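Hi,

Here is the model I promised to pass on to you. Have a look at it first, and then read on for what turned up in it.

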Amino acid sequence: MAEDIVSVCRKCGADEVEVSLVSISEFSVDVRWQQIENLVEANTRYLSLKVIKEKRTAYATSSDLTRETLHRLIKNTINRASYAQPDEFSGLPSPAPELEIEIPALRLFDPDVPELEPERKIALAKETERIALSEKGITNTHGASFETKEAQLTLANSMGFLNEYEETLCSLSLGLQAGETDARAEGYWFSTQRLFKDIESPEEVAKKAVARTLRLLNPRKIKTQSVPVLFEPMMSSWLLGFLCACVSGVSIYQEASFLVNKLGERIASDKINVFDDGLLPAKLGTRPYDSEGVPSQTTPVIEKGELRNFLCNTYAARKLKLKSTANADGAGVGPTNFYLQAGRDQSSGMISTMDKGLILMRTIGHGLNPLTGDISRGAFGLWVEGGEICYPVSEITISGNLGEFLMKVEAVGDDLDFRTSVCGPSLLIGDVLVSGE
Amino acid sequence: MKKAGLAFGDIFPLSREALGQILELSLSRGGEFSDIFLEHKVHHFINMEEDIIKETLESISLGLGIRVISGDRTGYGFTNDLSLEKVKKAALTAAAVASGKRGEHLISLQPVTSAHNVSPLSCPPERASLEEKISLVQRAYETAQKTDQRIKKVKVVYLDQGQSLIVANSDGDIVSDQRPLMKLTCSVISEKGKRREAGFSGGGGRVGLEYFSEKVTPEKIGQEAAEEALLLLDAVDPPAGEMPVVLAPGHSGVLIHEAVGHLLEADFVRKKTSVFWDKMEKQVGSSQLNIYDDPTIPHFRGSYNVDDEGTVPKRTLLIHKGKMVGVLQDRLSAKLMRMPWTGHGRRQDYTCIPLPRMSNTFVDRGEYDPEEIIRSVEKGFYANKYQGGQVEDSGKFTFSVSSGFLIEGGRLTAPVRLATLIGSNIDILTKIERLGSDLEFGLQTGTCSKGGQAVPVTDGCPTIKIKKMTVGGRV
């Protein structure tokens with residue numbers, strides 16, 4: 001079907017065409033207080049289309065795949081292309097890249113996932129919540145969920161690219177509350193994997209969620225001060241997410257990032273190595289090729305503190321006179337596995353070096369400014385004195401600047417776990433402003 | 001409003017009788033209630049950056065979701081293949097959540113109509129040409145660019161969406177609606193020496209193209225975005241610590257939306273995860289405070305004639321003189337809490353289960369002159385525009401203020417960039433000292449996210465003075 005649409009578009013006058021088709025089967029169950037709350041199952045298909053005529057680009061998507069709708073959509077899209085202005089940087093990857101990646105070796109698909117019985121999935125969610133609810137101190141539950149997804153992705157373009165692959169995802173998660181009504185603490189944990197056997201057990205997910213909830217109970221306020229802050233892996237992952245937005249080739253050509261013109265410069269501590277790697281077997285961000293069919297690669301982003309590459313699709317690469325890094329994601333740029341390489345330090349060791357400091361566990365809010373790298377977020381954490389954890393703190397904000405944070409990394413943890421596709425290990429960052437009372 | 005089944009016969013290949021039979025099938029495993037949500041959505045997008053109309057997009061979404069409720073369990077199946085075979089499969093998927101004995105139901109669907117029309121348009125987006133829409137984009141772009149030499153980059157996005165929907169349920173109701181939605185936004189980057197700042201503005205709602213000549217012109221949007229970016233070039237870093245805070249009218253509505261609105265959504269109250277779950281009829285804020293959610297305001301982004309469960313919505317009083325008096329209900333929570341529907345069951349699209357959601361949420365006007373309020377602060381912070389905010393069920397919240405001012409000696413002085421407001425909702429509501437007489441609404445461009453579902457919303461408030469609040473920022 002994808003091939004047919006490419007040829008219809010060509011016949012209708014398009015110079016270049018890219019078609020992607022996605023079929024998804026999904027299942028999810030939410031269990032709360034040991035009862036099924038929601039049970040969802042569905043199969044859907046979507047089409048995305050990009051056409052270029054005389055260097056002018058138009059996009060379309062549809063979940064209505066009936067012949068009449070598609071014909072009308074194709075005609076409209078080609079016609080619509082003439083309303084865009086000619087853009088010398090537009091167009092498919094050229095010359096057409098060769099795909100040498102062996103897809104099965106990437107282990108994106110687990111045949112066990114489609115075979116999982118609904119009863120088994122429901123039982124996993126129930127068991128996870130049951131274990132958590134039996135723990136003292138847990139007073140309410142947001143419920144446990146188990147989700148699976150199987151997708152088949154096809155990509156064809158007018159340069160002769162035609163490939164497809166299948167992928168699976170499964171996820172077990174749990175959200176909890178502890179404490180009484182006006183002084184509650186919240187916490188959650190999850191495990192998401194492509195392969196069912198890699199999912200953490202209900203015990204592991206439950207115990208982690210419980211511990212992460214209880215440790216925030218009865219927080220205190222603290223005075224405004226600058227202290228070393230230990231970013232837990234989930235917090236480093238959040239910081240990496242911000243870095244990822246700032247090294248996107250699109251943000252760079254739009255000059256919407258503080259890293260514009262910084263290629264080759266030292267932007268971080270020499271302990272910092274960051275990669276975008278689409279080829280790590282069975283990892284969440286892995287894919288054989290990007291949404292333009294450019295084969296995945298391992299891209300050094302920061303090496304020993306030096307900025308090496310921006311993440312580019314073909315368009316951003318042409319604008320910046322660089323090469324695509326196989327990060328095309330729809331019409332924009334997105335990461336594959338974007339991670340900060342693990343170091344050798346243990347987080348317990350980092351804590352023991354803190355005379356006075358904060359273990360950052362959660363942030364809320366939106367305070368990120370890619371233009372300047374400025375960060376200002378509400379935070380929850382544990383206060384450390386004399387190398388010992390003292391008490392939880394809340395109603396604080398941490399603020400500073402991503403560029404400064406990266407330069408001030410004093411220790412890199414050994415606990416990188418690829419829990420999310422954008423991730424990092426524990427990081428000790430010196431001298432961060434924590435505002436409280 | 002148009003009668004169901006007539007207006008969209010061409011789009012939705014299912015007759016009223018067929019929908020009735022599908023509902024009967026969904027209840028065949030013993031469920032108590034079932035509904036079908038049929039949706040057709042066409043969405044257009046135009047993007048201008050780097051001085052060119054870079055691309056356009058048309059997106060078509062057609063599909064159906066079937067829900068079955070059994071006690072407090074929900075089964076849901078959805079499909080974008082509307083063949084009877086696939087639709088029946090989705091019905092059986094949803095039906096499986098119930099495990100009672102086979103139910104016997106005969107469902108005859110009767111049309112329900114809404115009393116109000118939130119989007120009477122003279123020029124609906126589907127009737128406007130692409131040229132007209134492109135011209136709006138170019139006008140905003142050029143205005144922003146020409147405002148000042150320090151404007152370095154401009155990006156303008158136009159979005160419109162025409163949503164047609166039918167909701168049919170096992171109570172025998174069938175409702176249809178058509179919802180236009182439009183927005184034009186402008187983002188700007190300014191530069192002075194090494195300093196670079198961003199500005200944003202926009203407009204829209206359930207409006208037609210006439211909005212951009214009568215209400216908010218593209219030129220105004222371009223200019224506002226540019227002015228914000230220019231103002232911030234001279235902004236100082238925010239003060240840190242506890243201090244009196246004055247919230248600007250309109251834009252600060254987002255604070256009420258996050259810190260109060262979400263926690264008055266019935267699912268959080270019913271599940272006792274919200275700090276408000278045991279506060280009904282109790283004082284939770286200053287006695288000056290009245291908060292409403294009103295889905296019936298004409299042309300507002302958050303408005304609708306019927307909600308996504310087919311319920312005709314009502315303006316709902318949530319906080320009256322500082323007392324909690326209402327919650328936002330969908331059918332499931334209302335049933336379980338034995339409370340009336342309020343018409344706040346919304347969903348992102350046919351792939352989603354409806355949830356209790358806000359529409360247009362606002363703090364009603366108070367008695368004080370807004371200038372008087374600012375004059376009453378010797379030293380404090382004025383929060384003007386926001387990047388966004390987030391709240392926890394416990395009521396703890398964080399807001400990112402993209403631009404504000406210092407208040408010194410009762411006057412707004414230096415502009416302030418990227419500050420954070422943090423606090424706990426009941427504490428802050430109690431510390432409201434004065435409400436201005438100047439009720440305004442924020443930009444008609446907002447989207448609210450909950451459980452992974454995004455829906456359009458609006459919020460508003462008058463000038464609000466809070467006695468003491470924690471401001472975080474760089475020192």
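In chain B, the domain assignment gives domain 1 (16-232) and domain 2 (241-472). Please keep in mind throughout that this is a predicted model. The centres of domain 1 and domain 2 of chain B, taken over C-alpha atoms, are separated by 23 Å. Their contact takes 41 residues from domain 1 of chain B and 27 residues from domain 2 of chain B. On the domain 1 side, at least two residues each come from strand 1 (33-49), strand 2 (52-70), strand 3, strand 5 (151-169), strand 6 (173-192), strand 7 (195-205) and helix 5 (218-232) of chain B. Strand 6 of chain B gives the most to that side, with 7 residues. By class, the side of domain 1 of chain B that touches domain 2 of chain B has 14 nonpolar, 15 polar and 12 charged residues.

Staying with chain B, there is a helix pair to look at. The axes of helix 1 (residues 16-26) and helix 2 (residues 84-95) of chain B come within 8 Å and cross at roughly 35°, and the crossing of these two helices of chain B is right-handed. Helix 1 of chain B makes the contact through Ala18(B), Ile22(B), Leu25(B) and Ser26(B), while helix 2 of chain B uses Leu84(B), Val87(B), Lys88(B), Ala91(B), Leu92(B), Ala94(B) and Ala95(B). Sorted by class, this contact of helix 1 with helix 2 of chain B has 9 nonpolar, 1 polar and 1 charged residues.

Chain B also has an open sheet of 6 strands, in the order 11-10-9-14-22-19, with mixed pairing. Its edge strands are strand 11 (323-324) and strand 19 (440-441) of chain B, each of which pairs on one side only. Strand 10 (residues 316-320) and strand 11 of chain B are antiparallel and pair over 2 bridges; here His320(B) stands opposite Lys323(B) in strand 11 of chain B. Helix 6 (residues 253-261) of chain B packs on this sheet and touches strand 9 (291-293), strand 14 (360-363), strand 19 and strand 22 (458-461) of chain B. The direction of helix 6 of chain B makes about 105° with that of strand 22 of chain B.

Now to chain A, which is divided into domain 1 (2-214), domain 2 (225-238 + 342-435) and domain 3 (247-339). The C-alpha centres of domain 1 and domain 3 of chain A lie 22 Å apart, and 25 residues of domain 1 of chain A are in contact with 19 residues of domain 3 of chain A. Strand 1 (16-32), strand 4 and strand 5 (162-178) of chain A each supply at least two residues of the domain 1 side. That side of domain 1 of chain A divides into 15 nonpolar, 5 polar and 5 charged residues.

Chain A has an open sheet too, with 5 strands in the order 10-9-8-13-19 and mixed pairing. The edges are strand 10 (306-307) and strand 19 (422-423) of chain A, each pairing on one side only. Strand 9 (residues 298-303) and strand 10 of chain A pair in the antiparallel sense over 2 bridges, with Ile302(A) opposite Leu307(A) in strand 10 of chain A.

Elsewhere in chain A, strand 16 and strand 17 are antiparallel and pair over 11 bridges, and Val384(A) stands opposite Ile389(A) in strand 17 of chain A. Their hairpin has 2 residues between the strands, and Gly386(A) takes a positive phi near 55° there. Strand 17 of chain A also pairs with strand 20 of chain A, in the antiparallel sense over 3 bridges; the bridge partner of Ser399(A) in strand 20 of chain A is Leu433(A).

Finally, how do the chains meet, and how many residues does the contact take from each? There are 59 from chain A and 65 from chain B. Among the elements of chain A that each supply at least two residues are strand 2 (35-53), helix 2 (67-81), strand 16 (374-385), strand 17 (388-401) and strand 20 (427-435). Strand 2 of chain A gives the most to this side, with 11 residues. By class, the side of chain A that touches chain B has 15 nonpolar, 30 polar and 14 charged residues. Strand 2 of chain A is also joined to strand 3 (residues 73-79) of chain B by 6 bridges, and the two run parallel. There, Glu41(A) stands opposite Gly77(B) in strand 3 of chain B.

Best wishes

Terms used:
Residues numbered from 1 in each chain as written. Chains lettered and ligands numbered in written order. Predicted model: local features only at pLDDT ≥ 70, side-chain atom pairs only at ≥ 80, totals over all residues. Axes fitted to C-alpha atoms, helices over the stretch in contact; angles between N-to-C directions. Helix = DSSP H or I, 4+ residues; strand = E, 2+ residues; numbered from the N terminus. Left-handed = near helix turned anticlockwise from the far one by under 90°. Contact = placed C-beta atoms within 7 Å. Nonpolar A, V, L, I, M, F, W, Y, C, P; charged D, E, K, R; others polar. Pairing = 2+ DSSP bridges. Domains from an automatic or database assignment.
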